[in-house]
Structures are given as C-alpha cells and as structure tokens.
Amino acid sequence: METTELGSTGIAVSRLSFGGCPMGGHGWGDVSRDDFVAAIRTALDAGLNFFDTADTYGLGEGERTLGEAVAGRRHEAVIATKFGVRVENGRTFYDNSPAWAKAALEASLTRLKTDYVDIFQVHYRDDQTPFDEMVSALFELQDEGKIRHIGLSNIGTSDLNEISAYPGRFATFQNEFSLANRSHEQDIVLLSQETAMTPLTWGSLGQGILSGKYDKTSAFGAQDRRSREVYVNFHGEKLEQNLRIVEVLQQIADELDKSVSAVAIRWILDHLPNSVAIVGIKNDQQLQANLSALDWRLPPEAMTALDHVSREQENPA
C-alpha cells in the first residue's frame with residue numbers, strides 16, 4: 001500500500017483516504033449503511049487505513065457508521081474528523097469557540113465509539129474566534145489525549161502568518177482540488193512548501209464527474225445534491241468542460257488498463273507529492289476502482305495531456 005507521513009507526526013497513512021461525506025446518508029442518492037460498513041472493512045483488509053469524516057456529515061450519521069465499521073479494529077484505522085460547522089434550529093453557521101470545540105469533540109467521540117481521534121480538524125473558520133484562542137483549546141484537548149493531532153481545512157495563504165506562529169503543531173490541511181477544480185492550487189503548493197503540513201484534497205473526483213460514469217444526459221433525483229445548480233460540475237458550460245477532461249482521462253485509462261477514477265486520482269498524487277486524495281466511497285465496487293490509483297505513476301505524456309486539458313478549462317479562450 002502506497003503511504004505517506006502526516007506532517008511530522010510519524011503516522012503513516014495510505015495516500016487514498018476513505019471520504020465520509022456520502023457515509024452521512026444524505027444528499028448522495030441511494031446509499032446503504034451495510035455497503036459502507038462492508039467497504040470500510042474491505043478497505044482495512046486492503047491496507048487503506050485513513051478515514052476522513054465530519055460531525056455534520058448526515059448530522060453525525062457518517063461518524064456513527066464509521067464507528068460501527070471499525071469496531072474491534074480501531075487500532076488499524078487513522079480517523080480524521082472535523083468541527084466548526086453547527087446546525088441548530090434549522091440554521092447552519094460556523095463556530096470555532098473553545099466551548100464548541102470541546103462539546104463537538106465529545107459528541108464525535110461518542111458517535112465514533114472511541115476515546116480519541118487521530119486528527120481533529122477545523123472545518124471552516126468562523127471569522128470571529130481569534131486563532132490563538134481556538135488553537136489553545138485544541139492544544140488542551142491534545143494534552144488530555146482526546147486528540148492526537150490537529151488539522152486545518154479550507155484555508156489559504158492568507159492564514160500562513162497565524163499558522164507559522166505554531167511551527168510543527170498542525171499535521172494536515174485540506175482544500176478542494178481536482179482536475180475539475182484547480183482554483184486552490186497556488187495556496188496548496190505554497191502551504192506545502194512553507195509548513196510541515198500534509199495536503200489532503202477533497203472533491204478529488206469533482207463530486208463524481210471525473211469517475212467517467214456521467215454524461216450530458218445524466219440526471220439526479222431530488223435526493224441527490226448534485227441535482228442543484230450550485231454543484232456546478234454537473235451543469236451548464238462547466239459540465240461541458242469537465243466532460244472534455246473525462247474524454248482525455250478515458251483515453252489514458254484505456255491505454256493503461258485502469259479505471260477513469262484511478263487516473264484522475266493518480267494525477268493528484270503525482271502532481272502533489274506526499275499528498276493524500278480524499279475520495280467519497282459508497283461500496284466495494286467504488287473502493288476497488290479507486291484503490292487501483294495506488295502504487296504506480298502516470299507517464300509524463302499523460303501528465304502533460306491532463307495538465308493541458310484541465311488548464312484549458314480553467315482559462316477558456
């Protein structure tokens with residue numbers, strides 16, 4: 001299994017992370033809790049040991065499912081979860097306060113059926129809680145042994161000064177990044193260069209458009225968030241652009257006898273050395289297709305072709 005170290009923690013994880021957003025059971029079409037549990041256990045059997053979730057995925061359902069699946073095998077799993085997004089009385093808002101960090105962690109530990117999480121991540125900044133106040137609370141939780149390490153999510157170079165004040169204290173950071181969305185690339189590269197944090201990419205398959213399973217005629221039911229136009233990868237000109245990327249992915253996949261999703265994931269891993277690609281996985285079939293992204297490298301000409309077609313979409317004529 002291809003691995004990398006998370007920051008300077010000494011923790012080795014698979015370069016493919018089992019993403020837990022679909023595991024929440026909401027907004028991703030027809031899903032099955034039994035399928036998730038089976039896929040997680042198959043992943044552990046295969047050596048995939050890194051699982052990324054959040055307290056808001058299915059309002060805690062994602063954590064409950066993961067906790068059930070790793071029961072008896074907790075020592076084999078590296079679990080990253082997040083706090084900072086609250087849902088109360090039908091209202092969604094950000095909260096990084098020390099009180100909420102502590103309360104959110106206790107609730108996550110209960111749902112995950114564990115007494116610690118490996119990486120506790122700040123999901124989004126609330127633009128109210130001072131950074132020093134927030135991280136002091138996280139350091140306390142770390143000292144108590146309830147979290148092993150701290151991660152950040154959805155950050156940019158504008159956060160670098162605050163992060164740099166605590167060298168070596170943050171293990172990971174994650175941003176959206178894929179062939180379908182390279183808008184955070186400069187931030188990711190600079191943060192990787194200037195800190196010891198390991199980059200994690202979410203949206204690694206563009207919410208599924210880079211799997212090769214969809215085309216212009218694909219339709220999603222109302223229960224699938226991708227039916228909404230805010231999920232731009234599946235609508236309008238952006239869909240047309242993404243399908244041109246998929247054409248190139250398909251050609252390369254055919255030549256290399258790989259799945260389309262494996263090629264899309266492999267591009268991230270080769271383009272961002274030491275990164276981890278987070279991929280939402282619903283079942284064993286998707287797991288196997290995505291596991292085939294590991295332990296090989298794309299030929300230079302394939303990297304060039306994918307770089308060209310993805311930049312072409314970022315900067316259309």
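Start by selecting Ser153: leaving aside neighbours within four places in sequence, Ser153 is in contact (heavy atoms within 4.5 Å) with Val122, His123 and Gln174. Ser153 belongs to strand β9, residues 147-153; strands here are DSSP E runs of at least two residues and helices are H or I runs of at least four, numbered from the N terminus. Ser153 has 2% relative accessibility and therefore counts as buried (buried is under 20% relative accessible area, exposed over 50%, partly exposed in between, with a 1.4 Å probe and protein chains only).

A word before moving on: this is a predicted model, in which local features need pLDDT of at least 70, side-chain atom pairs count only at pLDDT 80 or more, and totals for chains, interfaces and linings use all residues. Residues are numbered from 1 along each chain as its sequence is written, and side-chain values use heavy atoms, leaving out hydrogens and water.

**Next stop: α4**

Now select residues 131-143, helix α4, whose 13 residues reach 18 Å from first C-alpha to last, close to the 18 Å expected at 1.5 Å a residue (the expected span is 1.5 Å times one less than the number of residues). Show the side chains of Phe131, Met134, Val135, Ala137, Leu138, Phe139, Leu141 and Gln142, which are buried. Their cover includes β9, where you began, along with β5 (78-83), α3 (98-112), β8 (117-122), α5 (160-164) and β10 (170-176). After α4, click on Gly145, which has a positive phi near 85 degrees.

**On to α7**

Select 236-256 for helix α7: 21 residues, reaching 31 Å from first C-alpha to last, close to the expected 30 Å. Its buried residues include Leu239, Leu243, Ile245, Val246, Leu249 and Ile252, and also Lys238. Leu256, also in α7, has 29% relative accessibility and so counts as partly exposed. Leaving aside neighbours within four places in sequence, Leu256 is in contact with Trp296, Leu298 and Pro299. Leu256 and Leu298 sit 42 residues apart in sequence, with 8.9 Å between their C-alphas. Just after α7, Asp257 takes a positive phi of about 55 degrees.

**Last stop: α1 and α9**

Select 33-46 (α1) and 284-291 (α9), which pack at about 30 degrees with axes 9 Å apart. Axes are lines fitted to C-alpha atoms, for helices over the stretch in contact, and angles run from 0 to 180 degrees between N-to-C directions. The two helices are therefore roughly parallel (under 35 degrees; over 145 is roughly antiparallel, 65 to 115 roughly perpendicular, the rest oblique). To see the contact, show Ala38, Ala39, Thr42, Ala43 and Ala46 of α1 with Asp284, Leu287, Gln288 and Leu291 of α9.
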